[in-house]
Amino acid sequence: MPLPAPVMAAYSYCEAVTGQQARNFAYGIRLLPTAERRAMSALYAFSRRVDDIGDGALASDVKHARLEETRQLLDRVREGKVEEDDTDPVAVALSHAAQAFPIPLGGLDELIDGVLMDVRGETYETWDELKTYCRCVAGAIGRLSLGVFGTQPGAHQVERAPEYADTLGLALQLTNILRDVREDAEGGRVYLPADDLAKFGCSDGFLGTRPADGADFAGLVHFEVRRARALFAEGYRLLPMLDRRSGACVAAMAGIYRRLLDRIERDPEAVLRGRVSLPGREKAYVAVRGLSGLDARHIARQSARRRT
Ligand SMILES: CC(C)=CCC/C(C)=C/CC/C(C)=C/COP(=O)(O)OP(=O)(O)O
């Protein structure tokens, strides 16, 4: 049955936001069937809004108030109180998606909680502390996405799917943190755990295009890259539980980020000089590999090998 015109328009808006802003994840989302693609773009557009409030130049009390508004909007979505002709397209699309798929919307509350940690300027002493933040801003996105993807009937250990989706989110977020070390430092933020920074002589932070004297910046980056790779390997156990198109979407998202990680590993100081990214044709190549199942099979073999 065709969707009502206002719902179609709301999804089109969210898909445009995703196409313009999700420089990496859009490659995966595009591989999904229409209904799933629309639902993921609604999740993306809501998450983008929350993230933009956190990252913007507003005073912290204004950020608090705006985040509180998004939480109230989320409550309206949860209670089915958003009308089709509401003026907010993100609310309309998210509301429709939440009725079409069993999306655990509490994950969006976690995202807001995570962005509030940013607004408070929290720093992290240990990986365990940073992990709590990453679970909110990325693990939750993995669990929300799983609600759209669903799992294959009879998949082995399917009850662990949310845990693996969460872990994949952590892997992506840690990669993101490494990639954005310089941009975050310029905004006065350091996400990497203070105890790791101390271990590698990097406690003075990451301003400047070269590491500070005496800092083992490459050592620090290689240490975090190993941690991210272990998270990817664990999170990839989700793949055999998904249908082909959802698996392709996840393989494309994760594959693009793994290639970023490879680049960062080869040249750690690149993240101090600017933003490490992949050319569009390489992202498209990774996405096509995901769709043909090549990456998924390769990754599943790697994860299985790690288990034995
Ligand atoms: C199971 C599953 C689907 C897991 C995936 C979960 C997921 C998509 C987490 C997103 C976390 C993340 C690194 C966001 C950055 O977005 P950004 O817009 O800053 O990214 P960009 O700058 O690389 O485009």
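In this predicted model, helix H3 meets helix H7 through Glu36, Ala39, Met40, Leu43 and Ser47 on the H3 side and Ile141, Leu144, Ser145, Val148 and Phe149 on the H7 side. Sorted by class, this contact comprises 7 nonpolar, 2 polar and 1 charged residues. The geometry of such a pair can be stated briefly, because two packed helices are described by the angle between their axes and the distance between the axes. For H3, which spans residues 34-55, and H7, the angle is about 160° and the axes are 9 Å apart. The two helices are therefore roughly antiparallel to each other, since an angle over 145 degrees counts as such. The crossing of H3 past H7 is right-handed.

A second pair is formed by helix H4, residues 60-78, and helix H6, residues 106-119, whose axes come within 10 Å and cross at roughly 175°. That angle makes H4 roughly antiparallel to H6. On the H4 side the contact involves Ser60, Lys63, His64, Leu67, Thr70, Arg71, Leu74 and Arg78, and these meet Gly106, Leu108, Asp109, Ile112, Asp113, Val115, Leu116 and Val119 of H6. The classes represented are 7 nonpolar, 4 polar and 5 charged residues. Glu68 also lies in helix H4. Its relative accessible area is 40%, so Glu68 is partly exposed. Between Glu68 and Ile112, 44 residues apart in sequence, the C-alpha to C-alpha distance is 8.6 Å.

The third pair has another geometry. The axes of helix H12, residues 244-266, and helix H14, residues 280-291, come within 8 Å and cross at roughly 140°. H12 is therefore oblique to H14, because only angles over 145 degrees count as roughly antiparallel. H12 passes H14 in a right-handed crossing. The residues of H12 that make the contact are Arg244, Arg245, Ala248, Ala251, Ala252, Gly255, Ile256, Arg259 and Arg263, while H14 supplies Glu282, Lys283, Tyr285, Val286, Ala287, Gly290 and Leu291. By class, this contact holds 8 nonpolar, 2 polar and 6 charged residues.

Apart from residues up to four places away in sequence, Phe232 touches Leu168, Ala171, Leu172, Thr175, Ala254, Tyr257, Arg258 and Leu261. With a relative accessible area of 0%, Leu261 is buried. When residues up to four places away in sequence are excluded, the contacts of Leu261 are with Thr175, Leu178, Val225, Ala228, Arg229 and Phe232. Arg229 is 32 residues away from Leu261 along the chain, and their C-alpha atoms are separated by 8.4 Å.

The loops complete the picture. Gln157 is found in the loop between helix H7, residues 127-149, and helix H8, residues 161-179. The phi angle of Gln157 is near 55°, a positive value in a residue other than glycine. Gln157 is partly exposed, with 34% relative accessible area.

Thr209 occupies the loop between helix H10, residues 194-199, and helix H11, residues 217-235. Its relative accessible area of 43% makes Thr209 partly exposed. Thr209 touches Arg182, Leu272 and Arg273, leaving aside residues up to four places away in sequence. Thr209 and Glu269 are 60 residues apart along the chain, with a separation of 7.7 Å between their C-alpha atoms.

Pro279 belongs to the loop between helix H13, residues 270-273, and H14. At 27% relative accessibility, Pro279 counts as partly exposed. Pro279 and Leu105 are 174 residues apart in sequence, and the C-alpha to C-alpha distance between them is 34 Å.

Key
Residues are numbered from 1 along each chain as its sequence is written. This is a predicted model: local features need pLDDT of at least 70, side-chain atom pairs count only at pLDDT 80 or more; totals for chains, interfaces and linings use all residues. Side-chain values use heavy atoms; hydrogens and water are left out. Axes are lines fitted to C-alpha atoms, for helices over the stretch in contact, and angles run from 0 to 180 degrees between N-to-C directions. Helices (H or I, at least four residues) and strands (E, at least two) are DSSP runs, numbered from the N terminus. Angles under 35 degrees count as roughly parallel, over 145 as roughly antiparallel, 65 to 115 as roughly perpendicular and the rest as oblique. A crossing is left-handed if the near helix is turned anticlockwise from the far one by less than a right angle, and right-handed if clockwise. Contact means heavy atoms within 4.5 Å. Ala, Val, Leu, Ile, Met, Phe, Trp, Tyr, Cys and Pro count as nonpolar, Asp, Glu, Lys and Arg as charged, and the others, Gly among them, as polar. Buried means under 20% relative accessible area, exposed over 50%, partly exposed in between (1.4 Å probe, protein chains only).
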